[in-house]
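Please consult the sequence and structure shown here while reading.

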Amino acid sequence: MGLPTDDAVVIQKGKKAGEPYVITVNCPDKTGLGCDICYTILDFGLYIIKGDVSTDGIWCYVILWVVPHASSPMVRWANLKERLLSVCPSCSVSFYLTQPSPPAASSPVYLLTFCSHDRRGLLHDVTQVLCELELTIQRVKVTTTPDGRVLDLFFITDNLELLHTKERQDETYKQLHAVLGQSFSCELQLAGSQFDNLQCVSSLSPSVAEELFRCELSDNEFRTQALSPDMMNLKRGSVTIDNSMSPAHTLLQIDCVDHKGFLYDIMRTLKDCNIQIAYGRFSAVNKGQRELDLFIRQKDGKKIVDPDKQDVLCSRLKAEMLHPLRVIITNRGPDTELLVANPVELSGKGRPRVFYDVTLAMKTLGICIFSLRMVHYITSSLFTRWMTFNIFLQAEIGRHCTSDLVWEVYRFLLDENCRFDMSCMVGRNQIVDKVRRTLMGW
């Protein structure tokens, strides 16, 4: 009656090439379990084709059909199973839905500092190596020097919890050397208080913050998010609540444009609102649209009958359906800055693979990340000779708080010497559209 057994998670390969894998989770239930499962699947670069969820409030059964994204690194299926097992509650009755689960122990944060000659796509190549090694990027400071070298700080955690071992560290060095070449040098150490100093991003101006975090999109803005002809006529989507279909549960029906991480976005919102799912069906894509039917109830076991609570829930879900990731380009003094933002779970976890997708879009577009803004450097023994040298900020990740949410914000100062005209809206919109499409899986 301790930890979940191996058969709590079963992963079956499709019988024919190209057929989806089938992931089955059969374990005790808890509020937010669906979100944790979807987070893990998204973190491994997988796309959920369809799914079913069923629970009696004590035990749950989840079955999902998944395929890898074309742009994702190779999936380690055995590691995926271990990660899914780690989010399943214990088989002890004290972990049933009616009891709160103990907070998960936080993983130690490590500082990976490396220096290399700069080149196009370098940042994404490093990010891909870290993803393949299942090292999660928590914060990053990406810098360049006038002599064409990069000095980057990655604050990372290890999903395998093995980074304290020499074998795991040597594996990390080996994979990075394979990508960066012999000119590469790096150092890995526990971050300590250095990580705490990078929790917040540099201050955003009120006008930029208002544009980045506003909830509503106009019809014109929604259309510009789907510029390809096959998506121009898609519906914005709808969220409806019906209490007449079940004596014990509220029926939540969602219909909207499909995107990568769609199920995670819905499950995260329900988890943060303490909504429990009794049964759910996630239908396959039909002409670019997704349909999701969920029978839900509040944490106290009651239906959602209060009109105000219904409106709040529907509004939050609509925002996640239509605008789950924010992408804008703005001016930062004389420089051009790309900003990407996504909501953070109440548990503190940010959306997986955002940095991977943004750097992939930049590499595809052939855009370098560059700036002329001075910053202070966190010293490490490997690069003490640079302590008095001016370095330049390229990119950073941090957190920003609004009145109702915490956001993870990614900031990239872009090289003006690229094939896109940064001075006009057409060039900027092309960059925003490519980044957004990569993030949304379009």
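In this predicted model, Leu251 has Phe295 of strand E12 as its bridge partner. The two strands concerned, E10 (residues 250-257) and E12 (residues 289-298), run antiparallel and are joined by 8 bridges. Helices (H or I, at least four residues) and strands (E, at least two) are DSSP runs numbered from the N terminus, and two strands pair if DSSP finds at least two bridges between them.

Residues are numbered from 1 along each chain as its sequence is written. Because the model is predicted, local features need pLDDT of at least 70 and side-chain atom pairs count only at pLDDT 80 or more, while totals for chains, interfaces and linings use all residues; side-chain values use heavy atoms, with hydrogens and water left out.

E10 and E12 belong to an open sheet of 8 strands, paired antiparallel in the order E1-E2-E4-E3-E11-E12-E10-E9. Strands E1 (9-12) and E9 (238-242) form its edges; each has a single partner strand, so one side of each lacks a neighbour in the sheet. On average, neighbouring strands are turned by 25° against each other, direction ignored.

Two helices pack on this sheet, as tabulated below. Contact means heavy atoms within 4.5 Å; axes are lines fitted to C-alpha atoms, for helices over the stretch in contact, and angles run from 0 to 180 degrees between N-to-C directions.

| H2 (residues 77-87) | E1, E2 (21-28), E3 (46-55), E4 (59-68) | about 155° with E1 |

The largest nonpolar core has 50 residues, of which Ile37, Val66, Ile254 and Ile266 touch the most other members. Such a core is a set of buried Ala, Val, Leu, Ile, Met, Phe, Trp, Tyr and Cys residues joined through side-chain atoms within 4.5 Å. Helix H1 (residues 33-43) supplies its largest share, 7 residues. Beyond four places in sequence, Ile37 contacts Val25, Val62, Leu64, Leu84 and Val87. A second, separate core of 44 residues includes Val150, Met362, Leu439 and Met440.

The structure holds 0 disulfides (cysteine sulfur atoms within 2.5 Å). The sulfur of Cys88 lies 3.7 Å from that of Cys27, its closest cysteine sulfur, too far for a bond. Cys88 is buried at 7% relative accessibility, whereas Cys401 is exposed at 58%; buried means under 20% relative accessible area, exposed over 50%, partly exposed in between (1.4 Å probe, protein chains only).

Mean pLDDT, the predictor's confidence in each residue from 0 to 100, is 80 for the protein, and 78% of residues reach 70 or more. Residues 222-229 stay under 50. Where pLDDT is low, the predicted coordinates should not be read in detail.
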